[in-house]
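This report looks at a sheet with the helices packed on it, and then at charged side chains that pair up. Please keep the sequence and the 3D view at hand while reading.

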Amino acid sequence: MSTAVEPNVFHGFVHIEKKEKYAIISIDRPGVLNAINRDVLLGLSKALDALSQDSSISCVILTGKGKAFVAGADIKEMMDFTATQAKEFSAMGQAVFSRIEQFSVPVIAAIHGFALGGGYELALACDIRIASQKAKVGQPEVNLGVTPGFGATQRLLRLVGPSKAKYLLFTGEILNAEKALHFGLVDEVVEEEKLLARCEEIALMISQKGPMAVSFCKQAVEKGMQTSLAVGLEIENNLFGLSFSTQDQKEGMRAFLEKRNPVFQKK
Ligand code: CO8
């Protein structure tokens, strides 16, 4: 008997639910609090491949099924890694998370429950982090005698600066949502039952903006993070110029002058 293949499920553990203007990617290993193993990374990569072909999508929401966002990389799978295998797994995760960071449309992390270790690193690769009041986030790798390997030493540094990054990395403290907001680890905290609705509200807000303009903004910030202010301003200057060759600019400015809402073309 042949098994039907569900096109929106990737490597068994990653699901895509498509809405009209955005998509929700969910990691679905609730029995182990969505711990990230190779299949999850491969599934995320395939899900990004699928969504990158879909021009109707203006935003992606990333979340976990069950009671956690993601409680880290899969400790059981990593336990007997050699140094070489650990480096390979780290490189694989870094590559997938960098794809999220560079993805053509914004990605919002909807964080409920635990986002620990590789789980918070996944959220760090997203553009915006919205947390439920019950979220708990941190980098507890030092408890396991290892460093983070999916980007936290670098992305945390860039997000909150060296002092707070070092505090979190050295102590492994798990912060509640309020403290995470105070530290700048999440952008907004909402009631647990309103988490997805709030993320969907943001996704819809983004979907009404000029898609090329949003994409250029993302590129400018991401590239600007890697470079000097002078080069960053040059990147902005080039993208600003380029935006005047888009339909977004024509429609956006025309709509303003005609005192109506713009209707932007899908990419
Ligand atoms: N890996 C594998 N299994 C996990 C993980 C994980 N990260 N987290 C939870 N689980 C499993 C538990 O083992 C348990 O399974 P079982 O029912 O078979 O015993 C199930 O999920 C439920 O977990 P708990 O019973 O522990 O649930 P609690 O509510 O009591 O506790 C906690 C929740 C506090 C989140 C607890 O599960 C915990 O501390 N988890 C580990 C958190 C952690 O240390 N995360 C960091 C992992 S290291 C990492 O992410 C490094 C990333 C870089 C990798 C680089 C590649 C080399």
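## Basis of the report

This is a predicted model, in which local features need pLDDT of at least 70 and side-chain atom pairs count only at pLDDT 80 or more, while totals for chains, interfaces and linings use all residues. Residues are numbered from 1 along each chain as its sequence is written, and side-chain values use heavy atoms, with hydrogens and water left out.

## The sheet

Seven strands form an open sheet with mixed pairing, in the order β1-β2-β3-β4-β5-β7-β10. Its edge strands, β1 (9–10) and β10 (188–190), each pair on one side only. Strands here are DSSP runs of E with at least two residues, and helices are runs of H or I with at least four residues, numbered from the N terminus. Two strands pair if DSSP finds at least two bridges between them.

Strand β7 (residues 128–132) runs parallel to β10, and three bridges join them. Ile130 stands opposite Glu188 in β10.

## Helices on the sheet

Helix α4 (residues 118–125) packs on the sheet and touches β3 (22–27), β4 (59–64), β5 (107–111) and β7. Contact means heavy atoms within 4.5 Å. The direction of α4 makes about 130° with that of β7. For such angles, axes are lines fitted to C-alpha atoms, for helices over the stretch in contact, and the angles run from 0 to 180 degrees between N-to-C directions.

Helix α7 (residues 195–207) also packs on the sheet, touching β3, β4, β5, β7 and β10. Its direction makes about 155° with that of β7.

## Salt bridges

Side chains of opposite charge can pair when their charged atoms come close. A salt bridge is a side-chain nitrogen of Lys or Arg within 4 Å of a carboxyl oxygen of Asp or Glu. The structure holds 15 salt bridges. One of them links Glu173 and Lys179, at 2.9 Å from N to O. Glu173 is partly exposed, with a relative accessible area of 24%, and Lys179 is partly exposed at 33%. Buried means under 20% relative accessible area, exposed over 50%, and partly exposed in between (1.4 Å probe, protein chains only).

Glu251 counts as buried at 12% relative accessibility, whereas Arg254 is partly exposed at 41% and Arg260 is partly exposed at 31%.
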